[in-house]
Every structure is written in C-alpha cells, then in structure tokens.
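Look at the sequence and the 3D view before reading on.

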4 protein chains.
Amino acid sequence: VPQLTFTQSFTASLYDIDAAGVMFFAHYFRHAHDVYEAFMAGIDQGLPELIRQQRLLPLVHSEADFLRPVRHGDQLLVELQLERIGNSSFTVRYRFINAADEEVARLKSTHVLLNPEGGSPMNLPEALRLRLTEYAV
Amino acid sequence: VPQLTFTQSFTASLYDIDAAGVMFFAHYFRHAHDVYEAFMAGIDQGLPELIRQQRLLPLVHSEADFLRPVRHGDQLLVELQLERIGNSSFTVRYRFINAADEEVARLKSTHVLLNPEGGSPMNLPEALRLRLTEYAV
Amino acid sequence: VPQLTFTQSFTASLYDIDAAGVMFFAHYFRHAHDVYEAFMAGIDQGLPELIRQQRLLPLVHSEADFLRPVRHGDQLLVELQLERIGNSSFTVRYRFINAADEEVARLKSTHVLLNPEGGSPMNLPEALRLRLTEYAV
Amino acid sequence: VPQLTFTQSFTASLYDIDAAGVMFFAHYFRHAHDVYEAFMAGIDQGLPELIRQQRLLPLVHSEADFLRPVRHGDQLLVELQLERIGNSSFTVRYRFINAADEEVARLKSTHVLLNPEGGSPMNLPEALRLRLTEYAV
C-alpha cells in the first residue's frame, strides 16, 4: 500500500492576521477545510456532488495544537493524511509547515458519513475507503 | 409617515482587525448584513422563512466609503435606512458611527426580489413595501 | 466561592450556514471567541488593552465536539466557564445550547500568558486568577 | 506600453456559499483582496513589507455588481486591471469569470497611499506608478 501525503500551500493573508499580529486560530480550521475540499475532489466526486446526492460527511470533532505564531505573508504548506479510518467515520490530520520547515500547527477533524434517510451513520463505500487508505498515516 | 432608523451596535473584535491594524474592509459588509438580517426579522418574516419560501432577495450591487480607520475594541453603532424603494428592488443605506459620534463608513446594498420560477424580478409585496417605507430616508 | 457562568446569545446568520445547509464548523470557534472577548472585557481590562500592554494570551489548543446541526436563524446561547486554571494557562469551556435547550456543540480553548520579553510562559496575575476562579466549573 | 491583466483562479468553497445556496456577497471582496495581495507581491514588495515600512494603502472606496449566482464548486477566474491611477490613489478593477466564460461579478476598489507621519495622502512612488501602468485598462 502506498503511503501518500496530499499537500497544498497558501500564504497568510492580510485578513488571516488579527489585532494581536498573528493568524487568528479559527482561520487554521478554514484553511484546513480548503485542503480537505481539494483532497476530496481528487479522490472522490468532490463535496459539491456528495452534497447533491445527500451523502453528507459532517464533522463531529475537530481539534488543533498551535505551536508557533504565523505572521502576515508567511508561506505555509499543509500536509493532509488519514489518521484513522473506521466503519462510518474517518479522522483527517493536517500539519501546517512554515518556510523554515517548522511545524506551526497540527489539526485533526473527524467526519462521519450519514444516511440520507434518518441521518444515522452508515458504512463508508468501499471505493472511498480504498482511496482514503492510500493516505493513511 | 414616520421616519424611522433601525440601529444595532457591535464592538470591533480581535479578528475584525487585519495585519495593518484596522478593520478589514470586507468585514464592514459582513457587519452590515448582520444589521440587515435583524432588520428583516423585525419588519417581515426574516430571511430564514423567506429562503424557505424561495422568496429570494439577492444583492445585485453593494458599495462602501471608508472614512476613518476602526481599531480593535471600537464600539460602533450602525444606522440602517432605506435609500430607495423601487418596484422590485430596494437600496439599504448603512452608516457606521463610532463612540466619538464620527461617521467611519457608509455602505449601500441593493436587493432585488426574484420570482421563484425563472428567477426574474417580481414586484415587492405591498406589506413589505409599506414596512420598508417607514424607514425611508 | 460563587459558581458563575458567563452567557451570550446569537442567531445563526445567512453566512454562518454553508453549502451543506448547516453552520460551518470553523464559525463555532469564531462565535466562541466573541463570547471570550466579551467575558474578558468584563473581568479584566479587555483584549485591546492587554494587547496594547503586550500581555498576550494566545491559544495553544482548541477542540470541539459538534453534536447537532445548526440551521439558519437558530438562536443559540453560549455558556462560558473555566474548566482549568493553571499557573500560566487556563482552559475555557463553551457550551452552545439551542432554543430547545439541547447542547449542539461543546468547545474548549487553552490560553497561555506570555512574557512580553522572550515570549515564554509567565504566571497569571493574581487579580486575573481570582476573577477566572469565580467562573470555574 | 503593454496592456497586461493579472489573473488568479479559485473554486467556490463549502463556506463561500450561504444559506441561500449562493456565494455570500462579502466573500467576493475577500477573494478580490487575495488577488490584490498576489498582484502586489509580484509588482512591488508585497503588502507585508509595505506595512512594515508603514507605507499603508488603505481602501477608501469599494463597490461590486453581482451579475450571476455562484454555486459550490464553481471555478472562477479573477482578472485584475487598473482602472485609474491618480497622484496618490489608484482604482483596481476585478472581473470574476465562471467556467462558461460568463462574467459573474465586477468589483472596484480605490486605495490611497498615506504618509507615515500624519496619515495624509502622498504621491505614489514612481516605480510603483510605472508597474501599475502596465496593468492599466
């Protein structure tokens, strides 16, 4: 099984930075979701199509450790891997790395697949599970 | 006809402020929309119910003059009035006033009522027009 | 010692809701921070003054459990309490409660007080510790 | 003189879309600013360095026409050109184009260069003026 890492870069923008001069903590979650959307578009049909089919994958948990401050103009690489793949849920791990190759933040988000009727958890389709497994830690 | 003004206050938050130390311009539009939502909830059924009924009022134009910088912790009063009420559209005016009673920004947004079938403009309901007229400049 | 809870309410706005029809997860962190800013303004000098004095309290960890979907127009009460008060750090807990009195989300954020010179952790001032303790779980 | 256009693309994300199912109007201004930051990084020292030098270029006016709805997953190209270059200010024009080559929105923002001492407008440096002129409409 290959051990892949999905990566995407961004530059901390004027409005990512708050009145204390560093990236506002909630914006890390927003940037992580941008990476997740790009990842899902590559391995599956992408979120817009999943939502159209009512195959919703809401977050049930998310957490972050903020290790170093991020300043305006900092270039960050985000590395996405799958930390856990369960029957109906999976946990995505994001590492934010700066230009000095330091880890500035580490995030995790757990998504669960809901049944369109009723909203209870349902098993991940086998095709999706296989693609996710390629990116397992 | 009464000449009413709808008002709402907020304090410029940590994340309203950007890396240049002042409120990021796009956040004025966000705050103006918060005032618009509260206004519409008071004079009509509110946006959630309008959207449920597919009576959509999208913005077709918006503009702003930024007159003075806003800093972290500044307390701002937003005054909403109707600048123009047309057959199928209306223009809302927002004045942002700081604690020294100075106007810090002036915004305008034009909304148009769309027909659920087809999406072409349709006449404003008479009840809505009457309520809007109370807040006309 | 009194057992206080700081509370603040908000209504889920048009732009809190995402393409899946529910409140976007990063916006919970933003709303929690609004409550934190109001809380700190009440018990201490408030964040703008703390930042001016270079007494920074950055977040080092944050996490959330999302228990129920939030829809456009939902009225939410946020209850803030202190889960832990350490020497140089404290953990704030936020419970988001809907109009049916159901807990829809639970967040935690850990802040650490940094020394203006050097940025290493420093002891919380006794006055701040005492005020925080009033809101301890 | 060349007639250049600076372009950048993005995909409308889950959280760009609001409860009405279309891109929230304030997010167009945010995306336009992302393009502006990338443009300024290419022709000048970039905003982080300008802010460090206290050479601030705040917005004094911004406006937008919203021509067509944008949905989740839509791929948009933003074209940036200079509509006007004055002594101390300039107006940037942004055209948002969808995958069907339709213009979905048109924005304008006017920036003014402020003197670090006093904050009054000052003349644009000749080097900046020359680079801006290459992108004049």
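This is a predicted model: local features need pLDDT of at least 70, side-chain atom pairs count only at pLDDT 80 or more; totals for chains, interfaces and linings use all residues.

Ten strands from chains B and D form an open sheet with antiparallel pairing, in the order E1(B)-E3(B)-E4(B)-E5(B)-E2(B)-E2(D)-E5(D)-E4(D)-E3(D)-E1(D). At the edges stand strand E1 (6-11) of chain B and strand E1 (6-11) of chain D; each has a single partner strand, so one side of each has no neighbour in the sheet. On average, and ignoring direction, neighbouring strands of this sheet are turned by 20° against each other.

Within chain B, strand E4 (residues 89-97) and strand E5 (residues 103-112) form an antiparallel pair over nine bridges. In this pair, Tyr94(B) is opposite Leu107(B) of E5(B).

**The helix across the sheet**

Helix H1 (residues 25-43) of chain D lies across strands of two chains. From chain B these are E2 and E5, and from chain D they are E1, E2, E3, E4 and E5. The helix runs at about 115° to E4(D).

**Two copies**

| Item | Value |
|---|---|
| Rotation, chain B on chain C | 180° |
| Shift along the axis, chain B on chain C | 0.0 Å |
| RMSD, chain B on chain C | 0.0 Å |

This is the relation of a two-fold axis. Among the residues of chain B, Phe10(B) comes closest to the rotation axis, with its C-alpha at 6.1 Å. Of the interface residues of chain B, 100% are also interface residues in chain C, so the copies meet through the same surface.

Notes: Residues are numbered from 1 along each chain as its sequence is written. Chains are lettered from A and ligands numbered from 1 in the order in which they are written. Side-chain values use heavy atoms; hydrogens and water are left out. Two strands pair if DSSP finds at least two bridges between them. Helices (H or I, at least four residues) and strands (E, at least two) are DSSP runs, numbered from the N terminus. Axes are lines fitted to C-alpha atoms, for helices over the stretch in contact, and angles run from 0 to 180 degrees between N-to-C directions. Contact means heavy atoms within 4.5 Å. Copies are superposed by least squares on the C-alpha atoms of residues with pLDDT of at least 70 in both.
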